[in-house]
Amino acid sequence: MRSSEGCHRLPETSGSSSICSSSVNFARGGFWQAVFLELCASRIAILTPQNLQVPTMNEMIDMWKKKKMNTFGILYSWFLAKVASQLEVLPGAEFRVAFEEAMSYGGKVILGDRPVQITLRRTWGKMSLWHRAKFLYYIIFQSIFLPSPEELNQMLKDMDDVDMLTLVIQEMSKAFPSLMETLLHERDMYMSSKLLKVAREHSSVVAVVGKGHVSGIKKNWQQPIEVQSLLELPVANQGASKLKILASIGALSGVIIASGIYICGRK
C-alpha cells in the first residue's frame, strides 16, 4: 500500500488506498486507478481555472430569486469568498491539480462529497428562527472585522490539521454548534462510506480532501453508517406564524440598519 508525506493509508481494502490532504503529495504516489475528490456534481465548476470574485449584493439577490441556493448557502458562500479574497487563495486548487493529474494518465475521477444543496438545506433546517437572524448579523459583523491576511495565515499555522474552510466552520460553530454537525461531521461519514465502497471496487484509490476531513473519514472508516439518513431533507415548517415572520423581518431590518450606521460612522 503506497503512501507519502501528507497522505494516510486506509486499512483492509481490496487494493491500495490512501487519503491525502494535498494533491502535491498525492501526485508523488504514482498512478491511481481511481481519484476520489471532496466535490459533488454541483461544485464541478471548481475544476476549471477561475478568477476569485466576491458575489455582489445584486448577484446574491438574483441567486435567491432564482432559488439557486438557500439563504444560508448564499451568505456562507459570500463569507467564504471574502476570506479567500483576503488570503488571495483560489478555493479548490488542490482538486484541480489532482483532476488534471488523473486526466493526464486516464485515471477515473470520482466526486465523493454529499450534494451541496442537501448539506445547505440540512444546515439551515437545523437552525431556529432566532439563530437564522443571529447568523445574518454574525456574517455581516465578521465581514466588517475580518482579520488581516497575516492573522488568518497565523491562525491556519496554529491549527495545522485544518484548512481554510474547516477553520471558518470551526470559528462559526462557536456561535452556532449545529454547523459542525452538518458541514463537517455528516460529510465525513458520507465520504468515508462512499470512499470505502470505491476502494473495494478498485485496485488502487487515492482521496484528495481538505485537511479538516482526514481525521473524520479515518474515524468513520468501516463503521456502520446509514447513508440514506444523511441525505434526508428537513421538513419545511408550514406553520410559521405571521408574528414569527414579522419578528424575523424586524430582526433583519435591525441588523441592516445597525450595520449601515456603523459603516457610515467609520467613513
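Q: Before we start, what does "buried" mean here?
A: Buried means under 20% relative accessible area, exposed means over 50%, and partly exposed is in between. Take Asp113: it has 5% relative accessibility, so it counts as buried.

Q: Got it. What kind of model is this?
A: It is a predicted model.

Q: How many helices and strands does the protein have?
A: There are 12 helices and 5 strands.

Q: And how much of the protein is buried?
A: Buried residues account for 40% of the 267 residues. The protein exposes about 14600 Å². Carbon and sulfur atoms supply 58% of that area.

Q: What about contacts along the chain, how far apart are the partners?
A: Take the contacts between residues at least 6 apart in sequence. Of these, 78% join residues at least 24 apart.

Q: Which strand does β5 pair with?
A: β3, residues 34-37, pairs with β5 in the parallel sense over 4 bridges. Val35 stands opposite Val206 in β5. Phe36 stands opposite Ala207 in β5.

Q: And what else pairs with β3?
A: β4 does, in the parallel sense over 4 bridges. There, Phe36 stands opposite Ile110 in β4.

Q: Are the β3 side chains buried or exposed?
A: Buried. Ala34 and Phe36 point one way from β3, and Val35 and Leu37 point the other way.

Q: Back to Ala207. How accessible is Ala207?
A: Its relative accessible area is 0%, so Ala207 is buried. Ala207 lies in strand β5. Its C-alpha atom is separated by 9.9 Å from that of Val109, 98 residues apart along the chain.

Q: Switching to charges. How many salt bridges are there?
A: The count comes to 7 salt bridges.

Q: Which residue forms a salt bridge with Asp113?
A: Arg43 does, with the closest N and O atoms 3.6 Å apart. Asp113 lies in the loop between β4 and α5, and Arg43 in the loop between β3 and α2, so the pair ties together parts that are 70 residues apart in sequence.

Q: Is Arg43 buried or partly exposed?
A: Arg43 has 23% relative accessibility, so it counts as partly exposed.

Q: Which residues are linked with that pair in a network?
A: Glu38 and Arg187. Together with Arg43 and Asp113, they are linked in a network of salt bridges.

Q: Now Glu186. Which residue forms a salt bridge with Glu186?
A: One of them is Arg122, with the closest N and O atoms 2.9 Å apart. Arg122 lies in helix α5 and Glu186 in helix α9, so this pair ties together parts that are 64 residues apart in sequence.

Q: How accessible is each residue of that pair?
A: Arg122 is buried, with a relative accessible area of 11%. Glu186 is buried too, with a relative accessible area of 3%.

Q: Let's look at α9 itself. What span should its 24 residues have?
A: Helix α9 covers residues 178-201. At 1.5 Å a residue, the helix should span 34 Å. Its end C-alpha atoms are 34 Å apart, which agrees.

Q: Where does α9 bend?
A: At His185, by about 30°.

Q: Last one. What is the phi of Gln222?
A: Phi of Gln222 is near 65°, a positive value in a residue other than glycine.

Q: Why point that out?
A: Most residues other than glycine have a negative phi.

Q: Where does Gln222 lie?
A: In the loop between α10 and α11. At 31% relative accessibility, Gln222 counts as partly exposed.

Notes
Residues are numbered from 1 along each chain as its sequence is written. This is a predicted model: local features need pLDDT of at least 70, side-chain atom pairs count only at pLDDT 80 or more; totals for chains, interfaces and linings use all residues. Side-chain values use heavy atoms; hydrogens and water are left out. Helices (H or I, at least four residues) and strands (E, at least two) are DSSP runs, numbered from the N terminus. The expected span of a helix is 1.5 Å times one less than its number of residues. The bend at a residue is the angle between axes fitted to the seven residues ending there and the seven starting there. Buried means under 20% relative accessible area, exposed over 50%, partly exposed in between (1.4 Å probe, protein chains only). Contact means heavy atoms within 4.5 Å. Accessible areas come from the Shrake-Rupley method with a 1.4 Å probe; for residues, only the protein chains shown count as cover. Two strands pair if DSSP finds at least two bridges between them. A salt bridge is a side-chain nitrogen of Lys or Arg within 4 Å of a carboxyl oxygen of Asp or Glu.
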